[in-house]
Amino acid sequence: MGLTRNKRKTDPEIVIARDTDSELSSSSSSEEEDNYPLSESEEEDEAVKSGGKIELEKNKAKGNAPITVKLIKKVCKVCKQPGHEAGFKGATYIDCPMKPCFLCKMPGHTTMSCPHRVVTDHGILPTSHRNKKNSIDFVFKRQLQPRIPPIKPKYVIPDQVHCAVIRYHSRRVTCLEFHPTKNNILLSGDKKGQIGVWDFAKVYEKNVYGNIHSVQVNNIRFSPTNDDMVYSASSDGTIGYTDLETGTSSTLLNLNPDGWQGPNNWKMLYGMDINSEKGVVLAADNFGFLHMIDHRTNNGTGEPILIHKQGSKVVGLDCNPVQPELLLSCGNDHFARIWDMRKLQPKASLNDLAHKRVVNSAYFSPSSGTKILTTCQDNRIRIWDSIFGNLDLPSREIVHSNDFNRHLTPFKAEWDPKDTSESLIVVGRYISENYNGTALHPIDFIDASNGQLVAEVMDPNITTITPVNKLHPRDDVLASGSSRSLFIWRPQDKTEMVEEKKDKKIIICSGDSKKKGKKQKRGSDDEDDEDDMFISKGKNIKVNKSQAKTTKSSRKTKT
């Protein structure tokens, strides 16, 4: 599907700013950009890390004999067999010959020639609802559906980077949330447990709170009764309650009061949502249990309830916007489940939506709550058109590249909350595209009603993968988290009007100069230690850290 990209008329000004002490961390001191050359030992570590084997031979007869380095054939990371490789080479993905196409999981072709890669809606599977005589479905079609505009409004796609904070977090970004009343405030969580507050209208006004959680922040939600208070769920097994004005935080729920008791006993909180009608904060852990807290008293209510297979991770929770008694959950047991909160009991779900692999996310549609959008690790985005119909099969399956999360925050397709037709979704893409020699990973806007690719958003300066994306609930704004950086996208026409009054700015947060002398750790056993290892091989823009400067970038035009 050919898309036209308009050439950028004005480029943002890049301003270099130093981190404050609160933004720096001990772990971030070793995280430098990949633009720095590697030492010989680091190059050897890289070769070992990529599957190669290094043999060192010395001639003992000569004391100063040179060291000979021999590289043995690498082993495929996919099938573990020697003699071939699989993965990215530049912007080209090389499939393992022992496995089917990485994108659609079907044999007979490669990923680069996969028909789903060229045309997003190729092979979409429509499913008619067989419960035609369902009385509830009849009421929906007669009374609720006519209120939903049948024709989608003209999309205004935010496709231009308006402002950004580069290396804002010390670890990769894991979640984003817009302020419910202040249009220019964006909250972000990272893998280290920090929560950032950024006023992207003033660009320079940013704070990072590192005293809330000790490890990864998985979800952020604003309090329904106080816009300055934020709930956050973390992999340290706690729910934090933070005052954004003062930065003070309290712990509402701690699943590990006795500290570390081994990996089999450590509880982590992933999915979280707030049911304002019921007055409870809902959070789910990595053992399949649901926990509830009364947000009016900030006290726990009742015992945890098993909602997924025991021992499986529940990664997502979402309350229905119209029917507050309905709760949607998803997890590692390959299911998304619908629950009635009035009778929450183990194995008492209303519907079980089966998937082939881990379900990264599941969301009700934002206006009517009658549709469900799920993202699965089998490279499928599924749409279930009516929760009143037959949910044995989805209405549509859209093949999309999101099958990778070992070193990345999982990809999650999300609805556009402003689209009254409940059709537009946004999701980042794993498999890159070659744009004039540069490998870029676009952010895709897809029409969920037919699976067509509406737009693919990219910037030649952003060569990292962008798995975390959030559309603004009121403005034509897209926030995206790529590695440790945050980007704000706006439509081109609005961006150009704003430029006449105020220059666009990109802030690059750099640490102390002594960090330059430190070698980057390449052999770390932490698999998520540095996301910049996933910067695609291509044309990288180097920024001089010693002084502020303006750089020029051009948007590539492709039809």
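User: Quick one to start: in β35, what is the bridge partner of V468?
Analyst: G481 is the partner of V468 in β35. Strands here are DSSP runs of E, at least two residues long, and helices are runs of H or I with at least four residues, numbered from the N terminus.

User: OK, and what sort of model is this?
Analyst: This is a predicted model, where local features need pLDDT of at least 70 and side-chain atom pairs count only at pLDDT 80 or more, while totals for chains, interfaces and linings use all residues. Residues are numbered from 1 along each chain as its sequence is written, and side-chain values use heavy atoms, with hydrogens and water left out.

User: Back to β35. How many bridges join β34 to β35?
Analyst: There are 4, and the two strands run antiparallel. Strands pair if DSSP finds at least two bridges between them. β34 covers residues 468–471, and β34 and β35 make a hairpin with 6 residues between them.

User: What about β35 and β36?
Analyst: Those two are antiparallel as well, over 5 bridges. One of the pairs is A479 with I488 in β36. This hairpin has 2 residues between its strands, and S483 takes a positive phi near 55° there.

User: Is β35 mostly covered or mostly open?
Analyst: Mostly covered: 5 of its 5 residues, 478–482, are buried. Buried means under 20% relative accessible area, exposed is over 50%, and partly exposed is in between, using a 1.4 Å probe and protein chains only.

User: Which of its residues point which way?
Analyst: L478, S480 and S482 point one way, and A479 and G481 point the other way. In a regular strand the side chains alternate between the two faces of the sheet.

User: Zooming out, how many helices and strands are in the chain?
Analyst: The chain has 4 helices and 37 strands. Of its 559 residues, 54% count as buried. Among contacts (heavy atoms within 4.5 Å) with a separation of 6 or more, 56% are between residues 24 or more positions apart.

User: Which residues touch the most other members of the largest nonpolar core?
Analyst: L176, L186, W198, F200, L486 and I488, out of 18 residues. A nonpolar core is a set of buried Ala, Val, Leu, Ile, Met, Phe, Trp, Tyr and Cys residues joined through side-chain atoms within 4.5 Å. β7 gives the most, with 3 residues.

User: And what is L186 in contact with?
Analyst: Leaving aside neighbours within four places in sequence, its contacts include L176, W198, F200, A479, L486 and I488. There's also a second, separate core of 17 residues, which includes I166, L424, L471 and F487.

User: New topic: why does N275 count as buried?
Analyst: Because its relative accessibility is 2%. N275 sits in strand β15, residues 269–275. Not counting residues up to four places away in sequence, N275 touches V280, H295, C319, P324 and M341.

User: Which backbone nitrogen does the N275 side chain reach at 3.0 Å?
Analyst: That of K278. The backbone nitrogen of E277 lies 3.2 Å from a polar atom of the N275 side chain.

Terms used
Polar contact = N/O pair within 3.5 Å; in protein donor to acceptor, adjacent residues only side chain to side chain.
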